[in-house]
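Here are my notes from going through this one, point by point. Have the structure open while you read.

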Amino acid sequence: MSEIEEIEARGGQGQVLDPETYRDSIGTMEQSGKRKWVFPRKPKGKYTNYRNIVSYILLIIYFTVPFIKINGNPLILFNVIDREFFIFGQPFYPQDFFILTLGAIASLIFIIVFTIAFGRIFCGWICPQTIFMESIFRKIDYLIEGDRNKQMKLDRQEWNSEKIWKRSLKWTVFIIISLIITHFMFMYIVGYKEVFNIVSQGPFAHPTNFMVMILFTAAFYFVFAWFREQVCTLVCPYGRLQGVLIDKDTINVFYDFKRGENRSKWRKGEDRKAAGKGDCIDCHQCVVVCPTGIDIRDGQQLECVNCTACIDACDEVMEKVGLPKGLIRYASENEIEKQTPFKFTGRMKGFAILLLVLVGFLGYLLSSRGEMEAKFIKPAGSTFFVRDGKITNTYNYTFLNKTNDKKVVTIKVIEPKHGEIIYSASSKITVERDKISKGTINISFPENEMKLSKQNITIGVYDMKGKLVDSYQTYFEGPFKLQF
């Protein structure tokens, strides 16, 4: 029998349950500093269903992306060790890090704009901590130990056979899932083939990789088996950041105190408005479903992650007692206090414009990123030599093919004119996709055209259609000449 059904069975008399029953759910710390373990009731309702759909989609993405390739390249890969980076199948190199840095800045501004407008929706709907905790580990809690009351009873009872086997089973499942999550995380770093190769060869063949895997698995297990909501309330900097960013026009999960106060026990058939009572029947259902253990009726709080569990719980109660839904809802503080609709403030518009400018510039950099990067460097200690009226310098070239196609290129001197290229091998240089090609060339100029002992020259790299794919400016050495 649910709490509301208990009310109706008693003729609507009295409070749903004694508030003393829920005292352990209000906050996660005792006044002495000792932690209170949070046992949230399993949520259900419209927003919970929506969040489940979003969670399942994100989990599918997380567990499938490492196996997806575009043009033979991984969809996403951040191999810091080998300096291999792929985003949406496109290779990025250390030389392109300024683009990634700009992308990171744009992402930060997006988070700022989003938080100013919509609060911590990211935390409740998209954050990996929330997704893994609420959609995997919390559901295992419910599956093995039961809902809130059964979990609390199991926690209080002595270590008998029931408690031992349930806790042992749950912790074993947690370890296995943490191990799986860690393996997939490493697939984003070294690729799924390398992970499978390391696993197949065993821990003794790769002791360092094995230890790192164990450490990350232990970290995941610690976070999701014990630390849990304290990641959000004590560690995550985003909760502190929102305190600076949000204002009275920010959309958040709010309790409509104007409508809800004064709180009072539910009495069937009573005219609450005439009695000066608000719509909140003080049933505490918004408290017992909260995964961070707060009372949303106390106002906006650092611990609130906008998970909407309290909205579903309150709407269910309102529906059963015949009162309008939305006592707890997505709203701004001004909407509740002044009954004014949501609007984009000047601050929101300013950040949004800045974001659009950054995204546009980032798009330009990505679209104009060269197909190839070429460098021509004089070998250390090398100089020039003069033969048959020509001055010759030696250069080591390095070509980096940034495309997904094989490139065949040739080299020409752009400025000054009349430069002659002497290849150590073929004049047609093949550079495989996503590879580096190195070699040596000699460049000669007529002696009478070189007026300076060190003169700037520009060397171009062209494809077989005559298109310039990159150019590089370096210097050309010659004999010192006195100028009169």
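1. Ground rules. Arg-228 is found in the loop between helix H9 (207-227) and helix H10 (230-235). This is a predicted model, in which local features need pLDDT of at least 70, side-chain atom pairs count only at pLDDT 80 or more, and totals for chains, interfaces and linings use all residues. Residues are numbered from 1 along each chain as its sequence is written, and side-chain values use heavy atoms, with hydrogens and water left out. Helices (H or I, at least four residues) and strands (E, at least two) are DSSP runs, numbered from the N terminus.

2. Back to Arg-228, then. Its phi is near 50°, a positive value in a residue other than glycine. Arg-228 is also buried, at a relative accessible area of 3%. Buried here means under 20% relative accessible area, exposed over 50%, and partly exposed in between (1.4 Å probe, protein chains only).

3. You will find Asn-306 in the loop between H13 and helix H14 (309-321), and at 0% relative accessibility Asn-306 counts as buried.

4. Two cis peptide bonds to check by eye. One joins Glu-261 and Asn-262, with omega about 5°; Asn-262 lies in the loop between helix H12 (257-260) and helix H13 (285-288). Another runs from Glu-415 to Pro-416, with omega near -5°, and Pro-416 sits in the loop between strand S11 (407-415) and strand S12 (420-423).

5. Overall layout. The chain is divided into domain 1 (17-67 + 119-338) and domain 2 (372-477), with bounds from an automatic or database domain assignment. Taken over C-alpha atoms, the domain centres are separated by 61 Å.

6. Helix packing. The axes of H2 (residues 46-64) and H7 (residues 161-190) come within 9 Å and cross at roughly 60°. Axes are lines fitted to C-alpha atoms, for helices over the stretch in contact, and angles run from 0 to 180 degrees between N-to-C directions. H2 and H7 are therefore oblique to each other (under 35 degrees is roughly parallel, over 145 roughly antiparallel, 65 to 115 roughly perpendicular, the rest oblique). Ile-61, Tyr-62 and Phe-63 of H2 make the contact with Ile-180, Ile-181, Phe-184, Met-185 and Tyr-188 of H7, contact meaning heavy atoms within 4.5 Å.

7. Thr-130 belongs to helix H5 (residues 128-145) and counts as buried, at 8% relative accessibility. Leaving aside neighbours within four places in sequence, Thr-130 is in contact with Arg-51, Cys-123, Gly-124 and Ser-135.

8. Which sides of strand S6 (residues 252-255) are covered? Both: Asn-252 and Phe-254 on one side are buried, and so are Val-253 and Tyr-255 on the other. S6 and strand S7 (residues 328-331) run antiparallel, joined by 4 bridges, with Tyr-330 of S7 as the bridge partner of Val-253. Two strands pair if DSSP finds at least two bridges between them.

9. Last, the open sheet of 4 strands, which has the order S13-S11-S15-S16 and antiparallel pairing. Strand S13 (429-431) and strand S16 (468-477) are the edges, each pairing on one side only. The twist averages 35° from one strand to the next. Inspect S11 against strand S15 (residues 454-463): they pair in the antiparallel sense over 6 bridges, and Ile-411 stands opposite Val-461 in S15.
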